[in-house]
Amino acid sequence: MNLNRIFLLAVAFVTSASGAGAPRGSFTAGEYEAAKATAKESGKPIAIVITNIVSSCPKCLAGNEMVFKRMKSDYVLVIDDDAAKQGGTLPKNIKQLTYPIYKSKGNIIPIVAVLSPENEKLLGGLCYKQISGDGGKAFKTLDAEVANEIANLPPAEETSPAPGTHVANHGMQDWTNSEGKTIRAEAVSRTGSSVKLRLQNGKTVDYPLDKLSEDSRKLVSDTLGDN
């Protein structure tokens, strides 16, 4: 038995023994729209993980553990627990977007398909086959593939602010929401109830002021003024 297989079995054993499942902050397939909104807010791509959380297969469990560990920070995870039929189902059009990954990367779960939250363009993916060969290389290759596709996406459409909207340009700043999560973005404009933020990837989102922390709401006022 080679070292890679020993490692995978060891990860699977620990995962099974601990009862580990989907990581905190991930979404089920039935929560796709909420995941999409979170991805737009954070500027992170959506990673749809097609797998079986309750599998008894050590390879599947090991693959799940590696995907969750390596991708939970940089992607918004949507767990399509197809085998267990838990957490609802993906919208049909989104499910169809994952099919090219089956053809190009393989059909051994876990299968990962990465989408852009803005236009739901397929950015890349992988399956257990790549992870089991060289996990570190597989995830680095995926990150590079996604970054390259994002760089080639058309810029976000800009619309003229509505009359009476205060507009300013103060560069990138740190913004914290009421849950303590922080993103770096540029405040573009504000209305009475929201602030338009331009993320580091060039995308813009309208963020409700009441979901920002007190300090960040003050930063909006200091940066863009009060309406």
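In which loop does Pro 110 lie? Pro 110 is found in the loop between helix H5 (99-105) and S4, where helices (H or I, at least four residues) and strands (E, at least two) are DSSP runs numbered from the N terminus. This is a predicted model, in which local features need pLDDT of at least 70 and side-chain atom pairs count only at pLDDT 80 or more, while totals for chains, interfaces and linings use all residues. Residues are numbered from 1 along each chain as its sequence is written, and side-chain values use heavy atoms, with hydrogens and water left out.

The peptide bond that leads from Ile 109 into Pro 110 is cis, with omega near 0°. Glu 120 is not a glycine, yet its phi is positive, at about 55°. Most residues other than glycine have a negative phi, and most peptide bonds are trans. With a relative accessible area of 16%, Glu 120 is buried; buried means under 20% relative accessible area, exposed over 50%, and partly exposed in between, with a 1.4 Å probe and protein chains only.

The chain as a whole comprises 7 helices and 10 strands. Of its 227 residues, 42% are buried. Among contacts (heavy atoms within 4.5 Å) between residues at least 6 apart in sequence, 60% join residues at least 24 apart.

In soluble globular proteins, nonpolar side chains tend to be buried together. Here the largest nonpolar core has 20 residues, and those with the most contacts inside it are Val 67, Met 71, Tyr 75, Leu 77, Val 112 and Val 114. Such a core is a set of buried Ala, Val, Leu, Ile, Met, Phe, Trp, Tyr and Cys residues joined through side-chain atoms within 4.5 Å. Two or more residues of this core come from each of strand S2 (46-51), helix H3 (58-71), strand S3 (76-81), strand S4 (111-115), strand S5 (122-127) and helix H6 (128-151). H6 gives the most, with 5 residues. Leaving aside residues up to four places away in sequence, Leu 77 touches Pro 23, Ser 26, Phe 27, Ala 47, Val 49, Phe 68, Met 71 and Lys 72. A second, separate core of 17 residues includes Ile 48, Ile 94, Ala 113 and Cys 127.

Attention now turns to the open space. The largest pocket has a volume of about 640 Å³. On a 1 Å grid over the protein atoms alone, a pocket is an open set of points with protein on both sides within 12 Å along at least five of seven lines, a cavity is a set where a 1.4 Å probe fits but cannot get out, and lining residues have an atom within 4 Å of a point. Grid points are joined across faces, edges and corners, and a volume is the space filled by probe spheres set on the points. Of the 26 residues lining the largest pocket, Thr 38, Glu 41, Ser 42, Asn 177 and Lys 181 are the closest to its centre. Helix H2 (32-42), S3, strand S7 (172-176) and strand S8 (182-190) each supply at least two lining residues, and H2 provides the largest share, 3 residues.

The structure also holds 2 cavities of 30 Å³ or more. The largest cavity has a volume of about 70 Å³, and its lining includes Gly 43, Lys 44, Pro 45, Leu 115 and Asn 201.
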